Amino acid sequence: MEENNTQKFIELDEFIEKNNYTGKDLIAVLHEAQRIFSYLPEEVQRHIAKKLDIPVSKVYGVVTFYSYFTMERKGRFVINVCLGTACFVRGSDKILEEFEQQLNIKCGQTTSDGKYSLQSLRCVGACGLAPVIQVNGKTYGNATVETVKEILAEYQEL
């Protein structure tokens, strides 16, 4: 286990112990684990199962059932393009295609340098701003194909 991960496991253990969490608190623990590690690989799932004294299969079942949890490493900047009805009719599909071209990845993938992940979602509840893009939770409304280059330029130096 690399040094950085050792510290992350210590942080997760402290969270579990401080809150006296048990197996019935699995979802709360998974949320915190994903915040700490940014994803939930098998090693983290096994650790949680052991710490909460529950079967690994139960942890895996919850991780794979809820779409919020991911077992795939995400980029430093997660780009979400809304494909809900209001956004789609205003061209969000073309915006998604432009991100795919600019980043040279498909939706659901991460760039080889680990900087960007590209995802789509069905609705962010900001239909008045359609089409909508989110980057790590920051919302960009009234987006256009031209907006893609501006957004990527904003994160280029970070």
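Student: What should I know about the model before I start?

Tutor: It's predicted, so local features need pLDDT of at least 70, side-chain atom pairs count only at pLDDT 80 or more, and totals for chains, interfaces and linings use all residues. Residues are numbered from 1 along each chain as its sequence is written, and side-chain values use heavy atoms, leaving out hydrogens and water.

Student: How many helices and strands does the protein chain have?

Tutor: Seven helices and four strands, taken as DSSP runs numbered from the N terminus (helices H or I, at least four residues; strands E, at least two). Along the sequence they go α-α-α-α-β-α-α-β-β-β-α.

Student: Which residues of helix 6 are buried?

Tutor: Buried means under 20% relative accessible area (1.4 Å probe, protein chains only). In helix 6 that covers Ser92, Asp93, Ile95, Leu96, Glu98, Phe99, Glu100 and Leu103. An α-helix has 3.6 residues a turn, so residues three or four places apart point the same way. Across the 158 residues of the protein chain, 45% count as buried.

Student: What do the buried residues of helix 6 pack against?

Tutor: Look for contacts, meaning heavy atoms within 4.5 Å. Their partners are strand 1 (77-82), helix 5 (85-89), strand 2 (116-121), strand 3 (133-135) and helix 7 (145-156).

Terms used: Buried means under 20% relative accessible area, exposed over 50%, partly exposed in between (1.4 Å probe, protein chains only).
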